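Morning, everyone. Please look at the model on the screen while I talk.

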Amino acid sequence: MNKEDIKLLLASFVIAVVLWFQVQPMFEPGREREFIIPLRVEGKSEELAIFPSTDNITIVASGALIDLDKLDTTKVEAFLNAENAKPGQFNLPVLLRAPADLNLEFRPRTTTIRVTCERVLRQNGRIEVLTTGTPRNDLVLGETIATPSEVEVFGPESYIKQVSK
């Protein structure tokens with residue numbers, strides 16, 4: 001082996017070590033990335049209105065950097081299961097749904113969400129037209145009629161109580 005071959009061997013070894021250090025972290029597990037996704041409510045009764053304290057939630061994904069770079073966050077879902085919900089305030093656990101073919105682990109930053117649950121009420125009421133002010137002198141105000149004269153209002157109990165006329 002001559003001096004030139006030894007220099008090439010040494011240079012090749014240095015380049016290989018530098019490349020290895022650059023590529024290795026991509027496959028090393030234990031990396032984390034946070035992202036925000038919408039929070040949905042599933043399984044609620046039609047007779048109940050549920051108001052979570054937030055509409056979005058922060059999710060932490062952990063795994064290899066190469067897998068985190070390929071992650072499509074639109075395929076990860078966060079939801080609250082409200083099958084057994086009753087009127088009142090209580091905490092529900094945040095549940096996650098993600099594709100099984102991902103080599104990543106997911107966890108919510110916040111594990112429970114405070115929700116308010118109310119009964120949905122239906123109420124019929126007559127529409128009353130209220131006028132204020134006076135028309136200009138060259139105009140005459142005729143009879144005011146509401147069509148339809150009755151409506152059905154439905155929604156959360158606290159909202160229905162705010163409807164007066």
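Two strands pair if DSSP finds at least two bridges between them. Strands are DSSP runs of E, at least two residues, numbered from the N terminus. By that rule, β5 and β7 pair in the antiparallel sense over 6 bridges. Asn91, for one, has Arg114 in β7 as its bridge partner.

A word on the source. This is a predicted model: local features need pLDDT of at least 70, side-chain atom pairs count only at pLDDT 80 or more, and totals for chains, interfaces and linings use all residues. Residues are numbered from 1 along each chain as its sequence is written, and side-chain values use heavy atoms, with hydrogens and water left out.

Back to β5, residues 88-97. Strand β4, residues 77-81, runs antiparallel to β5, with 4 bridges. A hairpin of 6 residues joins β4 to β5. Ala78 has Leu96 in β5 as its bridge partner.

Now β7, residues 112-126, where we find Ile113. Is Ile113 buried or exposed? Buried means under 20% relative accessible area, exposed over 50%, partly exposed in between, with a 1.4 Å probe and protein chains only. Ile113 has 5%, so Ile113 counts as buried. Contact means heavy atoms within 4.5 Å. Beyond its neighbours within four places in sequence, Ile113 touches residues including Leu39, Pro52, Leu80 and Phe90. Leu39 is 74 residues away along the chain, yet the C-alpha atoms are separated by 9.9 Å.

Last, charges over rings. The rule: NZ of Lys or CZ of Arg within 6 Å of the ring centre and within 35 degrees of the ring normal. The charged end of Arg97 sits over the Phe79 ring, 4.2 Å from its centre. Arg122 does this with Phe154, at 4.4 Å.
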